[in-house]
Amino acid sequence: MSKKVTGCIVTYNNMRTIDNAIRSLLENTACDFSLYAVDNGSTDGTVEYIKENFPQVTVIETGANLGFGRGHNFILDKLDSDYHAIINPDVIVRDDIISDMMAYLDEHQDIGMLSPQIKFPDGRPQILGKKIPLPHYLVASRMRGEEPSKLLREYAMLDEDMSKPTQILNATGCFMFIRTDLFKKLGGFDDRYFMYFEDCDLTRMVNKVSKVLYYPDAVVYHEWGRESKKNFKLKMVQINSMLKYYAKWGLASK
């Protein structure tokens with residue numbers, strides 16, 4: 001029996017990027033793949049555009065801005081797949097990474113979730129944390145310059161051999177590929193986080209019962225605007241989520 005994959009994009013006024021994101025996924029995915037768009041109350045025409053141009057995408061409107069994790073959890077009981085992809089509205093794929101990641105998990109039953117290699121649209125690698133997001137790592141990430149500092153290099157595991165699948169303690173939420181039954185068993189994302197740190201939290205939950213791997217053979221291209229660095233309100237949301245994360249997990253490094 002062939003395996004089935006679902007994917008979900010949570011949208012909120014993403015008219016600028018949503019066409020490229022959806023089109024790249026549909027055009028490059030050969031396996032049995034169903035895509036959901038959960039909209040958190042867009043007012044810029046995102047919903048109407050998806051419905052008009054991508055009738056094969058199931059659009060679900062929440063009626064309010066539920067945040068990232070709760071938006072993805074909104075369809076948890078609808079998922080009938082073997083594997084599920086959590087996808088940002090500002091990413092694109094250029095290869096059939098969905099089928100590739102599905103095949104890898106088929107062959108490695110001890111792995112619960114995969115995190116692909118993330119690059120900017122121009123091909124430059126994004127320097128993203130792969131260890132527990134301890135405060136000193138977050139400061140190093142926030143203060144990054146042209147060249148990554150020693151702490152940032154450690155946080156992103158830049159000096160380790162990442163050319164093959166490697167277990168990590170922190171996966172970015174812009175694209176996650178997880179076993180659907182595991183995602184459901186864990187109850188999806190912890191919806192106490194409106195946005196930010198829910199991906200770190202999910203990674204830790206998966207690693208408690210299975211393994212999360214960085215999977216460099218799959219590449220996702222992400223715009224990564226780092227909005228919390230520019231927007232004071234989002235910065236406060238990020239700090240609030242950080243405090244919730246530390247209240248839940250403490251400051252242990254594993």
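Beyond its neighbours within four places in sequence, V206 is in contact (heavy atoms within 4.5 Å) with G112, M113, I178, L182, L186, K211 and V212. The model is predicted, with local features needing pLDDT of at least 70 and side-chain atom pairs counting only at pLDDT 80 or more, while totals for chains, interfaces and linings use all residues. Residues are numbered from 1 along each chain as its sequence is written, and side-chain values use heavy atoms, with hydrogens and water left out.

V206 belongs to helix α8 (residues 198-209); helices (H or I, at least four residues) and strands (E, at least two) are DSSP runs, numbered from the N terminus. V206 has a relative accessible area of 0% and is buried. Buried means under 20% relative accessible area, exposed over 50%, and partly exposed in between (1.4 Å probe, protein chains only). Between the C-alpha atoms of V206 and L186, 20 residues apart along the chain, the separation is 7.9 Å.

| Helix | Buried residues | Packed against or covered by |
|---|---|---|
| α1 (residues 18-28) | I18, D19, A21, I22, S24, L25 | β1 (4-11), β2 (32-39), α2 (46-53), β4 (83-87), β5 (91-92) |

A nonpolar core is a set of buried Ala, Val, Leu, Ile, Met, Phe, Trp, Tyr and Cys residues joined through side-chain atoms within 4.5 Å. The largest has 39 residues, of which I86, M113, F183, L202 and Y245 touch the most other members. Apart from this core lies another, of 34 residues, including I97, M102, L105 and I118.
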